[in-house]
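Here's a quick briefing for anyone meeting this structure for the first time. Have a look at the sequence and the model, then read on.

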Amino acid sequence: ELDDSLGGAHYGVAFLLLKRGDVQQATEHLRAFLARPPKGPDAERWVRHAEAALKDIKSSPAPESL
């Protein structure tokens, strides 16, 4: 389990899940990250990256079922 106050954990797990192909779980972690974004000088970079990833997920075709 992740501590909801640790946005970086959600961010990291989301991109690991994307690499594994688990789009649904990755989406949930990206949303959790964006719900409580980090503060600081580099935060906007990570927020934009997470938003872009969600946009890409939404615009990608759904995988075909076998």
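Which residues form one aromatic cluster? They are Tyr11, Phe15, Phe33 and Trp46. Keep in mind that this is a predicted model, where local features need pLDDT of at least 70, side-chain atom pairs count only at pLDDT 80 or more, and totals for chains, interfaces and linings use all residues. Residues are numbered from 1 along each chain as its sequence is written, and side-chain values use heavy atoms, with hydrogens and water left out.

**Aromatic rings**

- Rings of Phe, Tyr and Trp (its six-membered ring) pair if their centres lie within 6.5 Å; planes under 30 degrees apart are stacked, over 60 edge-to-face, and the rest tilted.
- That rule gives three aromatic pairs.
- One of them joins tyrosine 11 and phenylalanine 33: the ring centres are 5.1 Å apart and the planes sit at 55°, so this pair is tilted.
- Tyrosine 11 belongs to helix α1 and phenylalanine 33 to helix α2, 22 residues apart (helices are DSSP runs of H or I, at least four residues, numbered from the N terminus).
- Tyrosine 11 also pairs with tryptophan 46, with centres 5.8 Å apart and planes at 70°, so that one is edge-to-face.
- Because tyrosine 11 lies in helix α1 and tryptophan 46 in helix α3, this second pair ties together parts 35 residues apart in sequence.
- Tyrosine 11 counts as buried at 14% relative accessibility, while tryptophan 46 counts as partly exposed at 33% (buried is under 20% relative accessible area, exposed over 50%, partly exposed in between, using a 1.4 Å probe and protein chains only).

**The nonpolar core**

- The largest nonpolar core has ten residues, among them Tyr11, Phe15, Leu30, Phe33 and Ile57 (such a core is a set of buried Ala, Val, Leu, Ile, Met, Phe, Trp, Tyr and Cys residues joined through side-chain atoms within 4.5 Å).
- Helices α1 (7–20), α2 (23–35) and α3 (43–59) each give two or more residues to this core.
- The largest share, five residues, comes from α3.
- Leaving aside neighbours within four places in sequence, alanine 53 is in contact with Phe15 and Leu30 (contact means heavy atoms within 4.5 Å).

**Helix α2, side by side**

- Ala26, Thr27, His29, Leu30 and Phe33 are buried in α2.
- These residues cover an arc of only 165° around the axis, which puts them on the same side of α2 (the arc is that of the directions from the helix axis to the C-beta atoms).
- The buried residues of α2 pack against α1 and α3.
- Gln24 and Ala35 are exposed on the other side of α2.
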